[in-house]
Amino acid sequence: MYVTLNPGNRKVVEGVILWILVLSSTIAILTTLGIVASLLFESVRFFKSVPLTDFLFGLEWSPQTAIRSDQVGASGTFGAIPLLAGTALISAIAMMVAGPLGLFAAIYLAEYSSNRMRSLIKPALEILAGIPTVVYGFLAALIVAPFLRSGGEGLGFEVSSESALAAGLVMGVMIIPIVSSLSDDVIRAVPQSLREGSLGLGSTRAEMISKVVLPAAFPGIVSAMLLATSRAIGETMIVVMAAGLAANLTANPLQAVTTVTVQIVTLLTGDQEFDSPKTLAAFALGLLLFLVTLVLNVIALRVVKNFREQYD
Amino acid sequence: MVNPMKDMTTEEHPAPLLHAVAQGVPIKISARGVCVSYGDKQALFDIDLDIPERKVTALIGPSGCGKSTFIRCLNRMNDVIENCHVSGVIDMDGVNILDKKVDAVGLRARVGMVFQKPNPFPKSIYENVAYGPKIHGLASNKKDMDAIVGKSLSRAGLWDEVKDRLHSPGTGLSGGQQQRLCIARAIAVRPQVILMDEPCSALDPIATAKIEELIDELKEKFTIVMVTHSMQQAARVSQATAYFHLGQLVEKGDTKKVFTSPDDERTQAYITGRIG
C-alpha cells in the first residue's frame, strides 16, 4: 500500500484553511479602511459649513449652535487648537511620568532583578494594565485632583478643581505598563553575547546598560514610547472625568483644559441632530486624532529604520 | 585560613604539575581545588591547573566537559549567572581572584575575553575598540585614543583592512574580521591574560588560520588560555594542554607530551578520535 496520489479531502481542507487565514488577516485592514472612509465622508460634510482653516487654526472652541432658527445664540466656533493643545499638554505630562518610570522599571526587570523579584513585579504591572480606565478616571477626579488643589493652595498656587496635571499624572501611571512591558521585551531581546562582550572588557553593569544594551534596544524603546504616546492621546475616560470641559488655551498644567477625545464625547452625547455642524465636528476631530497618531507611528517607523540602517 | 593559597599548595595539593614548570617557565595563574556547580548540578570537580605566563594553554575535551566553565572562572564571568557557585582558589600574581573582595570589574580589564561567536557592538569599528579604554579612562585626549585604537587594530592584524573605514559599523565586517576586531577590543584595555572561548568555531579555515597566526604572535605579550574543539588547533598553537573529561581535569602538561604520549587512556582515546 503506497500513499495515494489523489489528494482528495486533504487538498480541500488546505484551501479552506488558507481562506480562513486570508479573511482573518484582511478584516482588520478592511475595517480600518471603512473607518477612515466614514470619517472622511462626514468630515467633508462638516467642512462644507466650517472652513478647514478655521478648524485647523482657530483659537476658540465653542461648539454651541442654535438648535432652532428662531433661537438667539452664537453660531458656534470650531477652532481645534485649544483641544490639540490640551491633548498635547496632558499627554506630555503623562509621558513625563510614564517614560522614565516605565523605562527604569523595564531596565530593573530585564537586567537586575532576580527571577523571584521578576515573578512578583511583572504580574503586578500587568494588574496595573488591567484596571479599567474609568477607575483611573474617578481616582483622578476624586483623589488626585482635590489633593493637588489643597496642596497647591497651601503653597500659594491657584489650582482649579479639574486640572491637566491631575489627569496627566494619573494617565501617566496608567500607561507605565505599556512602556515597561514593551521596553522589557526589547531590552531582553538584546543578545546576551553583547552583554558578555561589555562585561568581559571590565565594564560595570550600569556602563554596559547605558553604552551597549540601551543603544542596541533604542529603536524598540522609541516605538514603545510612541505607542504609549498614541495611547495617551487617544485616552478618553480619565480626561472626561478629571481634565474638564473648558477649552482653555493654556500651557499651565494647574488649569482645566479639555482634549480632543473629551470634546468628541460631549459633542455626541445628548439629543442632537445628526447633520448639525456640532455633531459633524466630532468626525472631523476623530479624523484629526487619527492623523496625529498615524504621523506618530510613521515617525516611529522612520526612527527605527534609520537606526537599523546605521547599525546593521 | 589566613593564607589559603599556602595551605592549598603545601598540604592538600602537590606542587605545580605542568611539565613547562620543570623547565622554569613562570606561572601566571594557578588554580587549586576549583569546583563549580549550577544549582544542584556540579560542572567542575576539584580542578588544579597552572597556566604558564606568555604561553598558549589549550583546554580540550568533549562538549559539556567543563572547559568553558573553567575559562569563565578566570575572569569571574560565572558571577553573571544566577545560582552558579564557584569554590576553590585561583591565584593570579599572588591574589585569589575568586575572593569576593576582589573587584570582578577590575579583574576583567586585566583578564580579557574573546568569545565563541564574534560579538562586536553595534557601533563603528573605532568605537568598538575605544569602548574599553573609554570606560577605564586610559586615554586623556582624542590623540591618545586614536593611538590606542590604531595600535590595537594593528596588533590584531586588522589595521590594513579597516584603516579607511574606521567609522563604518563593526557588524559590517566578515566573520573573521569581526573576531579580530573583538581581539583588538580586548587588547585595547591592556590585559595581561586573554581568554579565548573557541575563538575559531564560527570561522572558515582561512579566517581560522589568520586567528591562529595572530594568537601565536600575541603570546609574546599576553598569557593566553584558549578553549578549542579542534585537536589540530591545540597542537598547532598551544604550548601547554589540559584535557577535561566530564568535569574532571584528566591530563595536563606540555602540549607535545599530551599529544604524543598521554598518561591517561581517556586522553589517548579522545585525541585519537575514539571519543568526543
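Author: A crossing of two helices is called left-handed if the near helix is turned anticlockwise from the far one by less than a right angle, and right-handed if clockwise. Helices are DSSP runs of H or I with at least four residues, strands are runs of E with at least two, and both are numbered from the N terminus. This is a predicted model, in which local features need pLDDT of at least 70 and side-chain atom pairs count only at pLDDT 80 or more, while totals for chains, interfaces and linings use all residues. Residues are numbered from 1 along each chain as its sequence is written, with chains lettered from A and ligands numbered from 1 in the order in which they are written.

Reader: In what kind of crossing, left-handed or right-handed, does helix 6 of chain A pass helix 8 of chain A?

Author: The axes, which are lines fitted to C-alpha atoms over the stretch in contact, with angles from 0 to 180 degrees between N-to-C directions, come within 9 Å for helix 6 (residues 164-189) and helix 8 (residues 205-234) of chain A, and they cross at roughly 150°. Angles over 145 degrees count as roughly antiparallel, and helix 6 and helix 8 of chain A are therefore roughly antiparallel to each other. The crossing of helix 6 of chain A past helix 8 of chain A is right-handed.

Reader: How do the residues of the contact of helix 6 with helix 8 of chain A divide?

Author: Contact here requires C-beta atoms, placed from the backbone, within 7 Å, and the residues involved include A:Ile178 and A:Leu182 of helix 6 and A:Ile221 and A:Ala224 of helix 8 of chain A. Ala, Val, Leu, Ile, Met, Phe, Trp, Tyr, Cys and Pro count as nonpolar, Asp, Glu, Lys and Arg as charged, and the others, Gly among them, as polar. On that basis the contact of these two helices of chain A has 15 nonpolar, two polar and one charged.

Reader: Which helix of chain A gives the most to the side that touches chain B?

Author: Across the two chains, 18 residues of chain A are in contact with 24 residues of chain B. The chain A side divides into seven nonpolar, eight polar and three charged residues. Helix 7 (192-200) and helix 8 of chain A each supply at least two residues, and the one that gives the most, with six residues, is helix 7.

Reader: What share of the residues of chain B count as buried?

Author: Chain B has twelve helices and ten strands. A residue is buried if 20 or more other C-beta atoms, placed from the backbone, lie within 10 Å of its own. Of the 276 residues of chain B, the buried share is 49%.

Methods:
A residue is buried if 20 or more other C-beta atoms lie within 10 Å of its own, exposed if 12 or fewer, and partly exposed in between; C-beta atoms are placed from the backbone. Angles under 35 degrees count as roughly parallel, over 145 as roughly antiparallel, 65 to 115 as roughly perpendicular and the rest as oblique.
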